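Here is a short briefing on one protein model. Read the points with the structure open beside you.

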Amino acid sequence: GSRKIATLGRYLEGHDREALFLNQKPAGVLMPSVDPTYLRVTANSARTATATTLSFLVANMFHMPESYWAPITTVVVMQSTLGAALRISTERLVGTVLGALLGTVLATYFPANLLLFGAGVFLLGIVCAIIRMDNAFRFAAITLAVVVLIARNAPPPQIALHRFFEVSVGIVVGLIITWVWPEYRDLSQAVDVENATVQKRA
């Protein structure tokens, strides 16, 4: 109705003047139409590829032993808008810190034990619930598993520290790319998002 038309007008005024201009066809000239879905997939694939490659290169520049954790984290962070990415980044960072700290304690003072690992995961779930960051729990459990279950020659504190820095690099790169190169959305997606926002405010 009128609300959707008004929303479309606001979007065109604020965000889509260039797209509107590019979609205009000069009189007498036949121009092939491009499916907006292909444009969105191509743009977002290039965006993610650029971010993950950059994230891996930065982690390698600091000689991180498991640099692949950086691009993995970048992919997770970039699957949202900037506001949501900030929340996800905070949860991932907190979860990584909790998992790394507990993993260091368990791996340093106790022999490898599957039951002990299970108890550690349980404890992390309780802690994350207490601090009201339930989504941080999965990241904490992943970090705990990496530190405790995977055999390495390096001491546990060093493993935990490396994991923290690798994740931090992935978060920073993901946030920067999300800020300077927002996710591409075609016009119909943008209008749907605007309508959902208006309905929530109503």
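Phe-165 is partly exposed, with a relative accessible area of 40%. Phe-164 is also partly exposed, at 27%. Keep in mind that the model is predicted.

**Aromatic pairs**

- The structure holds two aromatic pairs.
- Phe-164 and Phe-165 form an edge-to-face pair. Their centres are 5.6 Å apart, with 65 degrees between the planes. The pair counts as edge-to-face because the angle is over 60 degrees.
- Tyr-68 and Trp-69 form a tilted pair. The distance is 5.6 Å centre to centre, and the planes are 40 degrees apart.
- Trp-69 is buried, at 13%.

- Helix H4 covers residues 69-77. Its buried residues are Trp-69, Ala-70, Pro-71, Thr-73, Thr-74 and Val-77.
- An α-helix has 3.6 residues a turn, so residues three or four places apart point the same way.
- Which helices do the buried residues of H4 pack against? They pack against helix H3 (36-61), helix H5 (82-109), helix H7 (136-149) and helix H8 (156-180).

**Nonpolar cores**

- The largest nonpolar core has eight residues. They are Ala-51, Ala-59, Met-64, Ala-70, Met-78, Val-169, Val-173 and Ile-177.
- H3 and H8 are the elements that give two or more residues to this core. The largest share, three residues, comes from H8.
- Met-64, a member of this core, touches Ala-59, His-162, Phe-165 and Glu-166. That list leaves out residues up to four places away in sequence.
- Another core of seven residues lies apart from the largest one. Leu-102, Leu-106, Ala-140 and Leu-144 are among its members.

**Positive phi angles**

- Most residues other than glycine have a negative phi, and most peptide bonds are trans.
- His-63 has a positive phi of about 60 degrees, although it is not a glycine. The place of His-63 is in the loop between H3 and H4. His-63 counts as exposed, at 70% relative accessibility.
- Arg-132 also has a positive phi of about 60 degrees, and it is not a glycine. Arg-132 is found in the loop between H6 and H7. Its relative accessible area is 77%, so Arg-132 is exposed.

**Confidence**

- The protein averages a pLDDT of 80. At least 70 is the score of 73% of the residues.
- Where is confidence lowest, and where is it highest? It is lowest in helix H2 (residues 17-22), at a mean of 46. It is highest in helix H6 (residues 114-130), at 95.
- Over residues 14-22 the pLDDT is below 50. Beyond near neighbours in sequence, this stretch has three contacts in the model.
- Residues 190-194 also have a pLDDT below 50. That stretch has six contacts beyond near neighbours in sequence.
- Where pLDDT is low, the predicted coordinates should not be read in detail.

Notes: Residues are numbered from 1 along each chain as its sequence is written. This is a predicted model: local features need pLDDT of at least 70, side-chain atom pairs count only at pLDDT 80 or more; totals for chains, interfaces and linings use all residues. Side-chain values use heavy atoms; hydrogens and water are left out. pLDDT is the predictor's confidence in each residue, from 0 to 100. Helices (H or I, at least four residues) and strands (E, at least two) are DSSP runs, numbered from the N terminus. Contact means heavy atoms within 4.5 Å. Rings of Phe, Tyr and Trp (its six-membered ring) pair if their centres lie within 6.5 Å; planes under 30 degrees apart count as stacked, over 60 as edge-to-face and the rest as tilted. Buried means under 20% relative accessible area, exposed over 50%, partly exposed in between (1.4 Å probe, protein chains only). A nonpolar core is a set of buried Ala, Val, Leu, Ile, Met, Phe, Trp, Tyr and Cys residues joined through side-chain atoms within 4.5 Å.
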